[in-house]
Amino acid sequence: MARGVSTRTRITFTVIGWLVGFIIFFPILWTVLTSFKSEGAAIATPPQFLFFEWTAENYVEVNSRSDYLKHFMNSVVISLGSTLLGLLIAIPAAWAMAFAPTKRTKDVLLWMLSTKMLPAVGVLVPIYLLFRDAGLLDTRIGLVFVLTMANLPIIVWMLYTYFREIPGDILEAARMDGASLAKEIIYVLTPMAVPGIASTLLLNIILAWNEAFWTLNLTAAKAAPLTAFIASYSSPEGLFWAKLSAASTLAIAPILIMGWFSQRQLVRGLTFGAVK
Amino acid sequence: MATLQTRASARLMMTPAVVLLLLWMAVPLAMTLYFSMLRYNLLMPGMEEWAGFLNYRFFLTDPAFLTGLLNTLLLVGGVLLISVGGGILMALLLDQPFFGQGIVRLMVIAPFFVMPTVSALVWKNMLMHPVNGLFAWIARTFGLQPVDWFGEAPLFSIVMIVSWQWLPFATLILLTALQSLDTEQKEAAEMDGAGALSRFIYIVLPHMARAITVVVLIETIFLLSVFAEILVTTNGGPGVQTTTVTYLVYVQALLQFDVGGASAGGIVAVVLANIVAIFLVRLIGKNLE
Amino acid sequence: MGEIRLEKVHKAFGSTVVIPEIDLEIADNEFVVFVGPSGCGKSTLLRLIAGLEDTTSGRILIDGEDMTARAPAKRGLSMVFQSYALYPHMSVYKNIAFPLKMAGADTAVIDEKVRNAARILNLTDYLDRRPGQLSGGQRQRVAIGRAIVREPKAFLFDEPLSNLDAALRGSMRLEISELHHQLNTTMIYVTHDQVEAMTMADKIVVLNAGRIEQVGSPLELYRSPRNLFVAGFIGSPRMNFVKGVEAEKMGAATIGVRPEHLQLSTESGHWKGKVGVAEHLGSDTFLHVDIDGIGQLTARADGEFALRHGETVYLTPSPERLHRFDDAGNALS
Amino acid sequence: MGEIRLEKVHKAFGSTVVIPEIDLEIADNEFVVFVGPSGCGKSTLLRLIAGLEDTTSGRILIDGEDMTARAPAKRGLSMVFQSYALYPHMSVYKNIAFPLKMAGADTAVIDEKVRNAARILNLTDYLDRRPGQLSGGQRQRVAIGRAIVREPKAFLFDEPLSNLDAALRGSMRLEISELHHQLNTTMIYVTHDQVEAMTMADKIVVLNAGRIEQVGSPLELYRSPRNLFVAGFIGSPRMNFVKGVEAEKMGAATIGVRPEHLQLSTESGHWKGKVGVAEHLGSDTFLHVDIDGIGQLTARADGEFALRHGETVYLTPSPERLHRFDDAGNALS
Amino acid sequence: ETLTIATVNNGDMIRMQKLAGAFTEKHPDIELEWVTLEENVLRQRVTTDIATKGGQYDIMTIGTYEVPIWAAQNWLVPLDFAADYDVDDLLPAIRAGLSMDGTLYAAPFYGESSFVMYRKDLFEEAGLEMPEAPSWDFIGEAARKITDKDNEVYGICLRGKAGWGENMAFLTAMANSFGARWFDMEWKPQFDQPEWKEALQFYIDLMNDAGPPGASSNGFNENLALFQTGKCGMWIDATVAASFVSNPDESQVADKVGFALAPDKGLGKRGNWLWAWSLAVPAGSQKTDAAKTFIAWATSKEYSALVAEKEGWANVPPGTRTSLYENSAYQEAAPFADLTIKSIQAADPTSPTVEDVPYVGVQFVAIPEFQGIGTAVGQQFSAALAGQSSVDQALSNAQALTQREMEKAGYPK
Ligand SMILES: Nc1ncnc2c1ncn2[C@@H]1O[C@H](COP(=O)(O)OP(=O)(O)OP(=O)(O)O)[C@@H](O)[C@H]1O
Ligand SMILES: Nc1ncnc2c1ncn2[C@@H]1O[C@H](COP(=O)(O)OP(=O)(O)OP(=O)(O)O)[C@@H](O)[C@H]1O
Ligand SMILES: [Mg+2]
Ligand SMILES: [Mg+2]
């Protein structure tokens, strides 16, 4: 609406907005700050906000103790891998659901979502046994597969809602123009859906990056991602808050930065067609 | 649209996703069903024997089960309430023009990127701890008795932590929904004499109904399986105050290593989750169309 | 009740001036239509009157009272939006009842007024439906219904029919005219449709780049456009303009003649030309005639006029229907 | 090349029959327009021909070859969609080149054909733009360009101009007609716009509820509609229908007379009535006249006809322009 | 050959990881890969893996709880070391806990018991003197006396966070000294017995009067932080904590800490536990020999010497070898050494209680079901501590649920 917002209202909202934003962001900020403190300063009362001796020793310690880069690479490979594989499987499925819907399409979609309701703890042992027999324990491939399966319903749903917004007659035009089904999907649908696909990609990278059950329980040394890295810093004997903060900062920084840079994109896809 | 040809290809294209998910669901589910009928403890191999519904009986009659069920509902409901309610307020706030809106938006969505374990650890140790935590310090600064969060209001504390993680998600979706509201509609309501509050209740809120539905559905799916936060903070206690069904299954599976019990618990959880899902779909499903 | 006066109204968005300065009087019960090319400020002007935009300077008076700083809801006006702006989650009944509910009217009163409005607009059978289940014309009527129930001092319409198909537009046009007679309330109507403007208005305001080019009754504008802009804008097909020697002969920089005022003959006439495309509509035929030294002129013939592409035709303008314009584009009397 | 024949084509979606059974022949190079009320099956018929829908039964032959089961791409037809259906992520050049690329043509050939099409359609300057950066008319032309390059046996247009504004519609109309003359290819054109149908078609097919009501040239339909439906559908404003005693007098169940065929007089005439609403368009005036025992008739008068609401007027139909229909609504010769 | 080693993320283990270069230098054909995890996660991981024969690890770090259970299942490779390893140097109590039928199944990396850590300055201020072997009554009295809530000084910090390895480790050990036990010889739970009631009541009263707020969610780490920041007058917990609280880098009260044996009730048992983090080789490992070589190195005297050389004597892993405690350099560097060894010697996993019991384990019951039961009971007790239920109720709930779980597991066997 174009009626002028008075400067005073604007300032009021600025104050409230920043206050609320700051409160919500505070735990993360605090973690980052703590990561630069010595262990002693980390638990000092009264808390020290900015005026403490800044030190990078925690990062040094964390890096000398565990191979951050290896965990990081595993996280990257696993989250990217599972997302890409998921997209590969989901794009055709979403195409079918969006452009050749049947009476059962909605049921299939809900069924897919319902597979996410199986509590992971309950099926750990069966999966573990299957993985052991298939030699997939502690492999990136195995995790890529598991996370693909875990996130596939979400991917399919997101793409489906996104594809539905693409006018069907463009695909028909491609068909008239002589494109085969594969070409229709590769040359027309996919490029048109790039924003939707990108946001699906982002959301799923985030979900996969933060997935902490399967990644922890199906890996040992070789394929362990950052969630396992964190598990070696939570509550050891002795003071650990600064080190935990440093490790946490390292673990969330990549995804946080990626998320921030791509937030506009992310928002579009996040809506699951909730916004018409 | 759709000729026979396209319909046939559609079926073909659905196949990988459906088959894989079917396998992913059916195989473990079948194994779980089978295991749930066994007396099967990982720590006592070679002693497996057919147990019929024994595991179910024990899981369902566990005195913690009913509390667990209630806690699960409270947890899910509480987080939904806070994240949706808060999300609406946040969305309304972020929709106002103010200086540095973009940065505030970044700050607000940040928690969504934090691993659950990390956020639980940070909240428990650095913020909510009644002696060393920041909240305690703030309380004391104001001359108040620090709150012993996990002792006095354990479930609420967990709800807070989990809500913090999910608030950004709700905020983002609701904000987008809010911004998609046709300005003419708002103006029409204004011409019709609706004040800010009436406009919110009669125009904005109904417009966001669908977005709210999506938030509720997605969050429910994820919230039903929350347990890392519980494990890290309260271990399901004190008493069984923060024990949820998922946590109970966890106890069976990873503390007792009772595969039979855990499987039975898993099956029960699936059934419950589906009841919730059906209920949800009934309640709000038409908003999804 | 519903006299509206704009005094030196000026509107700028930041540094872009949309309305330089306008003075306008709208009498009670008048049906005023704003026309003008896209982007000329029609909607802005309407929204200024409604109070949905603030004036940059100048005053807006309604029934003599200064409303410039009054909130939209307090001005006693109703607006019908181009997109209808119906509340999609409310039934037709609730949509229409909404302004009354906001005003705190009691249920019995609301019910009576809503049913009355529904009766006037032939919506009684649809009161329980949602807007999504209605056709375009029905939606349009609901939007009008919502405007009626408040018994406003004036109605503001912003291109209310532009989303409807031609046939429906025709009948809704009649309905709104009808309504105007029935309610006897001031109406301000924005459109870019010739026919709507001509047939509905008591008074047409022609806008161009935020400036008023001419104000007058439809036939006034049709017969005596004040300048080239108005002449070209009013009338369909467009007036033919001729410059150069032919115009100078008649002592003008430009002369204008409407297609319907060109007489056709196969034998003799003022201008000789060749038939280009001939569009046969059944009832009429539009001939695009190429004339050496002048260019293409459009002429209207009746439906049975049987000339084909390439044939020769003579055109004669009726002298009393000729419009003459000076260098600056203003009409010469 | 481009003769299309439909034989007993029947289409049902599930249990709703959209097209009961249609036989139709379209000659080579013909410009055929499908008209009919909304939902009558125009688009469906076009899509059946294109192969975007399966026929439930019946055969579709193109140049004598049975194409009923052939994939859309293999039928050698091009289609221009109402929404243009341009590929938003490709430049104009790539959009036009797409069908050729799909056909595996080599780059030099593609380039030549695209540039040629662009030249014909005045798009040469826009080849590097994305569709989003074009105006409506330009987009429309790109869609046509994409259809042209394949050198199809026939073009299918589904309401291609309905998203454009009136002025643009007028000029695109001319362009498409022009194109038809230039390319000499069969064109099938769906529209609900009277003017388009009348001015562009060689042959109009009037559809109603999936059935063909009449096939013929525009003036044929205007002059001798076969039944009430066609009579009411073709011509604007609509033909006036009179039933009852007056009709019986002339030996028909219903008689029809077009507004432009009613002569007006203030003194005497066949029917005497009172002027209701008078719509002054400047060039014409449409009078809605209430006549006792008959109802409301619309008559066209010229722009200067000066009668006001409530005055008495006499109407006389031209006898040779009168249409007579029997009980079943069919025209009596 | 690559050995995959699962370890807990405690300080001594992390130090080993850092010093492992010395080992790989000597054995260039062996490479080491570390999986360092938090205690609970580690236990889940290794247990799942060994029970399903997943074979992901070659060496596992496990506790005294797991060893007897796993050894009984033949999941562990028996350890036999060359003579220079000097098996007999291992502390007998520890060694006994890690052996079955005389065979060693895991080599202790470090061992611990529990004892009292207290603030000498506060005791002095209050005019109290801590005996070397205090009684519970004295502890209770002293704690209340020291408490000064206004200045955030709490007389005693004890574990309250639910968990078999958290509050139940402490409470079980404490209950032992009160004459209570988990089960009688028929595997009947004993929470309905007066000894338990007395013990629990004592604990709860004490914590209510003299404990810090939020005690019901305090575990080892939380208490450590409290003690290090000077908020606790006393703390009864693992002996390894002694090195943390007396480390001036971390602790604000490093120079004011005193130590004493865990309290007793005069019944002949002290309330201290026994635990050893040990290294074992799962039977599924393909690299048994290399694994054994590594374990021999990591738990050897040589390793102790290496740590002493690189990091100082105070950082040598404690509680495994007699020789360490006879080393004067160590005694000097670690003022708590003497009490540590005394505490360890005072604990007897095979006879933990006043009355006889059918199980092994001081602060735990070495049966597979214990983790679950212990945690569930721990929840009940922490609820009582949080004031959410009464002592009686907590005990009767504990009794009922234990009974139930034992029945489900098919005891008595
Ligand atoms: N909020 C705004 N900020 C800046 N410029 C605006 C704003 N609203 C309108 N304008 C500009 O003001 C001018 C007039 O806009 P307005 O909507 O009144 O035109 P209009 O006559 O209604 O056109 P149309 O027939 O296309 O609806 C346009 O040039 C438009 O770009
Ligand atoms: N996929 C479908 N499933 C069921 N019914 C359909 C389908 N497509 C079209 N119809 C029905 O077939 C009838 C004809 O539709 P069609 O789109 O051909 O009409 P049309 O003449 O093109 O109308 P319009 O002028 O509004 O475009 C309509 O009643 C429509 O509801
Ligand atoms: Mg406008
Ligand atoms: Mg159509």
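1. Two parts are in contact here when they have heavy atoms within 4.5 Å. By that rule no contact joins chain D and chain E, whose closest C-alpha atoms lie 48 Å apart, and none joins chain C and chain E, where the corresponding distance is 47 Å. Of the eight pairs of chains in contact, chains A and B share the most contacts.

2. Please keep in mind that this is a predicted model, in which local features need pLDDT of at least 70 and side-chain atom pairs count only at pLDDT 80 or more, while totals for chains, interfaces and linings use all residues. Residues are numbered from 1 along each chain as its sequence is written, and side-chain values use heavy atoms, with hydrogens and water left out.

3. Between chain D and chain B, the contact takes six residues from chain D and five residues from chain B. The buried area (accessible area, 1.4 Å probe, that two parts lose on being put together, summed over both) is about 380 Å² for this pair, and carbon and sulfur atoms give 41% of it. On the side of chain D, the residues that lose the most area to chain B are D:Glu53, D:Asp54 and D:Ala71, which together make up 65% of what that side buries.

4. Within chain C, the domain assignment, which is automatic or from a database, gives domain 1 (4-230) and domain 2 (237-325). Their centres, taken over C-alpha atoms, are separated by 38 Å, and the contact takes six residues from domain 1 of chain C and eight residues from domain 2 of chain C.

5. The area buried between domain 1 of chain C and domain 2 of chain C is about 550 Å², with 62% from carbon and sulfur atoms. C:Tyr222, C:Pro225 and C:Leu228 supply 85% of the area that domain 1 of chain C buries against domain 2 of chain C.

Technical notes. Chains are lettered from A and ligands numbered from 1 in the order in which they are written.
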